[in-house]
Amino acid sequence: MKEMWDLYDRNRKMLDRKVERGTKLSDDAWIRNTEGKFLISQRVEWKAHPLMWECTGGSVLMNEDTYQGAIREVKEELGVDISNAPYAFVGSTTRYFKNCPDIVDVYIFELDVSIENVIIQKEEVNDVKWMTKEEIMEIYNQGNFETTKFILEVLNFDRKLNNPKNI
């Protein structure tokens, strides 16, 4: 079954158009534990930006908001349920990939989960590990971390997290 997405303009007004999966529309979900480490995944070698480290993210499906999309993507790619985790909306940006703009909403979730309980989706994820913000910045500065506009805001995030939405 084809996954279909709603299209929005840069002001987040829903357009009367749908697109098939493959068009770039995104959300980013950063997961931080109570020790201040982040759960970071490594892309598989056959995808764009092979073996780069990144936060979990992906597309928002039709009739989902970005919060729901972030929860679903983390469940699909890492086998981790963040639906009851405290969270905060960090920010939103527009990116352009090959003349295809997308809106990216960035969230941070707080959850303690053991690496042994992470079940990676082999089609998307090569590896996963907890990293400190210093370790993330080191691989970012080496060019081995997928660029994200809000990386510094996320790594230094100190605002109060919200209770989970009822979705």
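Glutamate 110 is partly exposed, at 26% relative accessibility; that class lies between buried, under 20% relative accessible area, and exposed, over 50%, with a 1.4 Å probe and protein chains only. This is a predicted model, where local features need pLDDT of at least 70, side-chain atom pairs count only at pLDDT 80 or more, and totals for chains, interfaces and linings use all residues. Residues are numbered from 1 along each chain as its sequence is written, and side-chain values use heavy atoms, with hydrogens and water left out.

Back to glutamate 110. Its salt-bridge partner is arginine 32, with the closest N and O atoms 3.8 Å apart; a salt bridge here is a side-chain nitrogen of Lys or Arg within 4 Å of a carboxyl oxygen of Asp or Glu. The pair links distant parts of the chain, 78 residues apart: arginine 32 in strand β3 (residues 26–32) and glutamate 110 in strand β8 (residues 100–110). Strands are DSSP runs of E, at least two residues, numbered from the N terminus. Arginine 32 is buried, at 12%.

Next, glutamate 124 and lysine 47, whose closest N and O atoms are 2.6 Å apart in a salt bridge. Glutamate 124 sits in the loop between β8 and β9 (125–131), and lysine 47 in the loop between β4 (38–43) and β5 (53–54), so this pair ties together parts 77 residues apart in sequence. Glutamate 124 is buried at 18%, while lysine 47 is partly exposed at 27%.

Last, arginine 72 and glutamate 73 form a salt bridge at 3.2 Å, N to O. Both are buried: glutamate 73 at 3%, arginine 72 at 16%. Glu76 joins these two residues, Arg72 and Glu73, in a salt-bridge network. The structure has five salt bridges.

How values were computed. Helices (H or I, at least four residues) and strands (E, at least two) are DSSP runs, numbered from the N terminus.
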